[in-house]
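Subject: A structure for you to look at

Hi there,

Here is the structure I promised to send you.

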Amino acid sequence: MRMHRLSQGHCVPNAHDDLAESYLRLGELCSNQQALLPEAEQHIKCALKICLALHQEQPHRNTARSHLSLGQLYCKQSRYEQGKASIEKALAIYARVEDKSFRVDVAKLYAELGAICCTQKDFKQAEQHHLKALRLRKMLYGLQPHADLA
């Protein structure tokens, strides 16, 4: 599959959350193909640029999702420190939001950080992140069987 290249200079004019969402989805699609990782990074950074232009310092889910996707992409490229930093930025955004529905996303972020630490052989930190993810998931799902608790 050949993806259409988009110039990053066209990211912000007429910025809208739906535009950021489209760039983010394109980036996530490209990130599943090794040959398209540079384009994936371009699309995700464009989504992030739009989110930052729209929401500035206000916490917003799409901004956090863009940081997460960028972090996951960096990890696919073995750029673990950059990946961890991006995911931590997403976590900081969610920490500023009172909406309890974001707890699922926060649990996912802690699990992602745990996986990165495990890859870097920092098992103690990996365990701490995974335990945080587990505690959040238990709060969300209780003792009911759920795939996130398996």
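Below is what was found in it, from the whole chain down to single residues.

First, some ground rules. This is a predicted model, in which local features need pLDDT of at least 70 and side-chain atom pairs count only at pLDDT 80 or more, while totals for chains, interfaces and linings use all residues. Residues are numbered from 1 along each chain as its sequence is written, and side-chain values use heavy atoms, with hydrogens and water left out.

**Confidence**

pLDDT is the predictor's confidence in each residue, on a scale from 0 to 100. Its mean over the chain is 85, and 83% of the residues reach 70 or more. Residues 1-9 have a pLDDT below 50, and this stretch makes 21 contacts in the model beyond near neighbours in sequence. Contact here means heavy atoms within 4.5 Å. Where pLDDT is low, the predicted coordinates should not be read in detail.

**The whole chain**

The chain has 6 helices and 0 strands, giving the pattern α-α-α-α-α-α along the sequence. Helices (H or I, at least four residues) and strands (E, at least two) are DSSP runs, numbered from the N terminus. Of the 150 residues, 40% are buried. Buried means under 20% relative accessible area, exposed means over 50%, and partly exposed lies in between (1.4 Å probe, protein chains only). Among contacts with a separation of 6 or more, 57% are between residues 24 or more positions apart.

**The cores**

A nonpolar core is a set of buried Ala, Val, Leu, Ile, Met, Phe, Trp, Tyr and Cys residues joined through side-chain atoms within 4.5 Å. In soluble globular proteins, nonpolar side chains tend to be buried together. The largest core here has 18 residues, and Ile87, Leu91, Tyr94, Val106, Leu109 and Tyr110 touch the most other members. Helix 3 (61-76), helix 4 (80-95), helix 5 (103-119) and helix 6 (123-141) each supply at least two residues of this core. Which helix gives the most to this core? Helix 5 does, with 7 residues. Apart from this core lies another, of 16 residues, including Tyr23, Cys51, Leu73 and Tyr74.

Leaving aside neighbours within four places in sequence, Tyr94 is in contact with Arg61, Ala64, Arg65, Phe102, Asp105, Val106 and Leu109.

**Helix 4**

The end C-alpha atoms of helix 4 are 22 Å apart, which agrees with the 22 Å that its 16 residues should span at 1.5 Å a residue. The expected span of a helix is 1.5 Å times one less than its number of residues. Its buried residues are Gly83, Lys84, Ser86, Ile87, Ala90, Leu91, Ile93 and Tyr94, and the buried residues of helix 4 pack against helix 3 and helix 5.

Glycine 83 has a relative accessible area of 0%, so it counts as buried. Beyond neighbours within four places in sequence, glycine 83 is in contact with Gly71, Tyr74, Cys75 and Ile116.

**Helix 6**

Helix 6 has 19 residues and reaches 26 Å from its first C-alpha to its last, close to the 27 Å expected at 1.5 Å a residue. Its buried residues are Ala126, His129, Ala133, Leu136, Arg137 and Tyr141. Because these cover an arc of only 120 degrees around the axis, they are on the same side of helix 6. The arc is that of the directions from the helix axis to the C-beta atoms. The buried residues of helix 6 pack against helix 5, and the face turned away from the buried side carries the exposed residues Lys124 and Met139. Just after helix 6, glycine 142 takes a positive phi of about 65 degrees.

Glutamate 21 is in helix 1 (residues 17-30). Is glutamate 21 buried or exposed? Its relative accessibility is 18%, so glutamate 21 counts as buried. Its side chain is joined to that of arginine 65 by a polar contact of 2.8 Å. A polar contact is a pair of N or O atoms within 3.5 Å; within protein, one must be able to donate a hydrogen and the other to accept it, and residues adjacent in sequence count only if both atoms are side-chain atoms.

Serine 31 is in the loop between helix 1 and helix 2 (37-55). Serine 31 is buried too, at 11% relative accessibility.

Enjoy exploring!
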